[in-house]
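Let's take a walk through this protein model. Have a look at the sequence and the 3D view first.

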Amino acid sequence: MEQRERKGRYAGNDITGKQDEMGSESRIIEGRNAVLEAFRSGKTIDRLLIQDGCQDGPIQSIKREAKKCGTVFDFVRKERLDQLSETGRHQGVIAYAASYEYAEVGDILNAAREKGEAPFLFLLDNIEDPHNLGAIIRTANLAGAHGVIIPKRRAVGLTATVARTSAGALNYTPVARVTNLGNTIDELKKEGIWFVCADMGAEPMYRLNLTGPIGLVIGNEGEGVSRLVKEKCDFTASIPMKGNIDSLNASVAAGVLAYEIVRQRDYK
């Protein structure tokens, strides 16, 4: 495997902190699992709406968590939830919470230090599909990544669909939003982090050294990683393709590459 050497400090000067791209005071969280995980993670829920007649186990669990937290909940007709829903799949429950807070890149690095682990980051280059973003955040959490970094422009933010698709992972995996992904990569290189992105004509991922501090860069659904961001990466990795088509969904590609990183980091 290819060997590497680089050292430095992260200056943290291309970061945004708290931000709500929708400009609202509260945010809708939809779906039973997403709402339950929001309560369990300690997120402040201002109001909870439950569909009339829903009395099954998951709804009872949500009601118990709401009572523990002193959250007001009301029973409403399904038509009202349908009207309020942003995803169309509220599963009989909608919560109103304070807007999701974007982390800072420095917070993500500190989380790695507190765990005594080499940083493992996901950097997403203009992901536009909220389902892909939610699925990637879910994968990042399960793969043990310390956080996700997304750009401010030309990319989806932390919407209700993202929260629901993440299946609660958004409550545990910090997401930072930056002005310029390329500049952020440059700063993170000073911290000793190496970057890999997918490219069809590159070296197979199994032959690369993906251990140590690493950032996994995933491109958008149509064009992949942009040229300027790809030029910042230390490695390009190809995923073996054995079928009749030549590309993977962005979230699937993220999962394949992420778990090769996990294999190399934890199962040498």
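Below we look at one helix, one lysine and the nonpolar cores.

## Ground rules

This is a predicted model: local features need pLDDT of at least 70, side-chain atom pairs count only at pLDDT 80 or more, and totals for chains, interfaces and linings use all residues. Residues are numbered from 1 along each chain as its sequence is written, and side-chain values use heavy atoms, with hydrogens and water left out.

## Helix 2

Helices (H or I, at least four residues) and strands (E, at least two) are DSSP runs, numbered from the N terminus. Helix 2 covers residues 57-69, and at 1.5 Å a residue its 13 residues should span 18 Å; the expected span is 1.5 Å times one less than the number of residues. Its end C-alpha atoms are 19 Å apart, which agrees. After the helix comes Gly70, with a positive phi near 70°.

## A buried lysine

Lys63 sits in helix 2. Is Lys63 buried or exposed? Lys63 is buried (under 20% relative accessible area, with exposed over 50% and partly exposed in between; 1.4 Å probe, protein chains only). Leaving aside neighbours within four places in sequence, Lys63 is in contact (heavy atoms within 4.5 Å) with Ile50, Gln55, Phe73 and Phe75.

## The nonpolar cores

A nonpolar core is a set of buried Ala, Val, Leu, Ile, Met, Phe, Trp, Tyr and Cys residues joined through side-chain atoms within 4.5 Å. The largest one has 38 residues, and among those touching the most other members are Phe120, Leu133 and Leu216. Helix 9 gives the largest share of this core, 7 residues. A second, separate core has 18 residues, including Leu109 and Val217.
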